[in-house]
Amino acid sequence: MLRYCWCLVLLLVYCLSNGSAIAPGLKLRLSQYALNNATESLINRFHERVRNLSTDGSQRVIEAGGVINAFFKWSNLQLHEFVPMNLSAVPENGSQTLRVSTSGGKLRVSVDFQYDLIVVPIPIILSGIGSVQLSSRNLSVNFGLKIGASSSGSPQPYLTDCSATIDLDYEIAHDWKSRLALNSIRFFYGGLDNFIRMKVCDGLSNEAKSLANGDIKLRYKHGHFVFDYGLVAPMETRTGELVLYMRGLVSWESEDDYKQVPPEMRLIKSQKMGTVMITNYVLNSFAFSAQTHRQMENFVISPYSSFLSEKDKQYFNMTCPSTVCAGEFIPDLSEHYRYQYMSFRVSALDPPYTTFSSGNSILYLFLTLFFDVQDSHSGEYIAKSVIVVNLQLTCDVKLSLSTSKSPQELIFSDPVINPPNITVVSKKYSDISDSEVTSVLQLGSAVGSVFLAKLLEENSIPLPLSPLQLVNSNLTVDDNVITVDTDFKLDFRFMTGNIL
């Protein structure tokens with residue numbers, strides 16, 4: 001029963017976190033419908049586990065009032081009857097509390113045990129074996145759960161109150177010493193039912209304290225990048241829903257050097273289980289960390305690039321056989337390097353950033369482009385930086401969700417590059433005109449789109465939703481916020497994320 005209730009607590013803590021006055025980069029709303037669905041899934045999972053219940057033979061120690069200590073080792077636990085109890089989790093409006101309760105249910109088990117009774121201070125030691133059959137007609141637990149956070153965003157769950165009721169019948173077999181062993185609990189705790197009531201609430205409270213002291217970091221690691229999804233405010237409860245506020249900062253090895261403030265997020269009305277809101281703060285902190293730690297330097301685009309098709313590779317020829325190529329648009333450079341290949345090195349001059357507005361996702365890039373020349377047979381560089389230009393360009397980017405694996409991800413794809421602003425920084429040959437440079441860049445926009453698509457595909461954004469799987473999702477974009485209106489499926493295969 002303890003694990004039954006606590007599983008819901010762990011589910012919430014695993015998905016969420018909270019803390020200080022830092023503005024959130026993400027927001028998650030879970031409706032009562034979502035909580036009902038989660039508790040139903042937990043009941044089914046618990047039901048399956050109980051039906052396969054067995055003992056591990058581990059020792060349980062019960063200190064009975066300081067007079068009799070009873071040491072038990074359980075074995076041969078058998079389940080004779082089980083009817084799942086009802087489990088509910090209801091947000092209490094304005095109190096930052098989730099009210100968790102169980103009721104009903106039926107359980108009948110039998111178990112063998114070995115025992116050692118030590119009566120102090122004489123001492124008298126009695127040992128033996130016995131068995132007991134337990135029948136529970138009702139096990140009800142009611143507790144309030146709040147989830148706070150440390151300054152680092154680690155979840156800090158605690159119980160505001162707890163009560164438990166149990167109707168328990170038990171029948172003890174074998175000798176008088178066995179009865180004495182179990183009746184020692186009855187004498188000092190008012191019966192096994194009262195003992196279990198005490199242990200349920202004590203256990204829940206201790207588990208909460210243990211989790212709070214564990215300093216759990218809700219972060220995803222991707223190479224050197226750390227996606228920090230710690231909560232930045234206490235869990236907020238309203239009638240029929242709870243709301244969680246997550247930081248959403250992407251940093252390099254947990255450095256906290258991105259100083260921008262996330263935009264405001266306004267929750268929409270929804271008939272679905274929940275809403276996930278992701279600001280451009282998440283994407284922009286990712287890009288900032290990548291650029292400032294030199295992860296966006298010297299990307300090479302050449303006819304030897306594996307991501308290019310054979311058709312794309314022909315554009316790099318400095319001498320055109322029968323098709324369109326770079327040499328046709330920049331003939332003055334072609335005269336110096338006939339029958340060779342042009343290639344490019346790309347570096348970010350400043351951190352890229354993304355804006356969302358009215359259904360559009362726009363990526364802003366500030367690049368330095370180096371024109372190089374490679375041998376058409378060996379691929380060795382013949383000349384580097386024969387032309388250097390700075391580019392300011394924008395791309396329209398498609399956003400979508402990948403929900404088939406854990407972690408689920410926000411995907412960027414199908415970039416469409418708009419005409420760039422071009423500044424020629426240097427030219428090795430003075431006879432090359434700026435108009436020639438502009439022309440060859442226009443030719444290369446198709447190749448650039450292929451390269452950018454590959455780069456975006458390799459840098460998707462993991463979402464902090466385990467073990468909730470998104471289903472029937474609608475993604476909209478507006479005011480620098482991505483809103484995903486969605487249903488959820490509780491899938492415990494999604495519990496395995498790369499969490500620090």
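Which residue forms a salt bridge with arginine 219? Aspartate 228 does, and the closest N and O atoms are 4.0 Å apart. A salt bridge here is a side-chain nitrogen of Lys or Arg within 4 Å of a carboxyl oxygen of Asp or Glu.

Before going on, the ground rules. This is a predicted model, where local features need pLDDT of at least 70 and side-chain atom pairs count only at pLDDT 80 or more, while totals for chains, interfaces and linings use all residues. Residues are numbered from 1 along each chain as its sequence is written, and side-chain values use heavy atoms, with hydrogens and water left out.

Back to the pair. Arginine 219 and aspartate 228 are buried, buried being under 20% relative accessible area, exposed over 50%, and partly exposed in between, with a 1.4 Å probe and protein chains only. Arginine 219 also stands opposite aspartate 228 in β10. Strands are DSSP runs of E, at least two residues, and helices are runs of H or I, at least four, both numbered from the N terminus.

Now the sheet around them. β9 and β10 (residues 225-228) pair in the antiparallel sense over four bridges; two strands pair if DSSP finds at least two bridges between them. In general, strands of a sheet pair through backbone hydrogen bonds, either parallel or antiparallel. The open sheet here has three strands in the order β9-β10-β13, with antiparallel pairing. Its edge strands, each pairing on one side only, are β9 (219-222) and β13 (249-252).

Next, other salt bridges. The structure holds 17 of them. One of them joins arginine 99 to glutamate 92, with the closest N and O atoms 3.0 Å apart. Arginine 99 counts as buried because its relative accessibility is 18%, whereas glutamate 92 is partly exposed at 27%. Glutamate 458 bridges to lysine 454, with 2.7 Å between the closest N and O atoms. Glutamate 458 is partly exposed at 43%, and lysine 454 is partly exposed at 30%. Arg29, Glu236, Arg238 and Glu241 are linked in a salt-bridge network.

Last, a serine. Serine 347 lies in strand β16, residues 341-357. Is serine 347 buried or exposed? Serine 347 counts as buried, because its relative accessibility is 11%. Its side chain reaches the backbone nitrogen of asparagine 298 at 2.8 Å. Leaving aside neighbours within four places in sequence, serine 347 is in contact (heavy atoms within 4.5 Å) with Met296, Glu297, Asn298, Phe366, Leu367, Thr368 and Phe370.

How values were computed:
A polar contact is a pair of N or O atoms within 3.5 Å; within protein, one must be able to donate a hydrogen and the other to accept it, and residues adjacent in sequence count only if both atoms are side-chain atoms.
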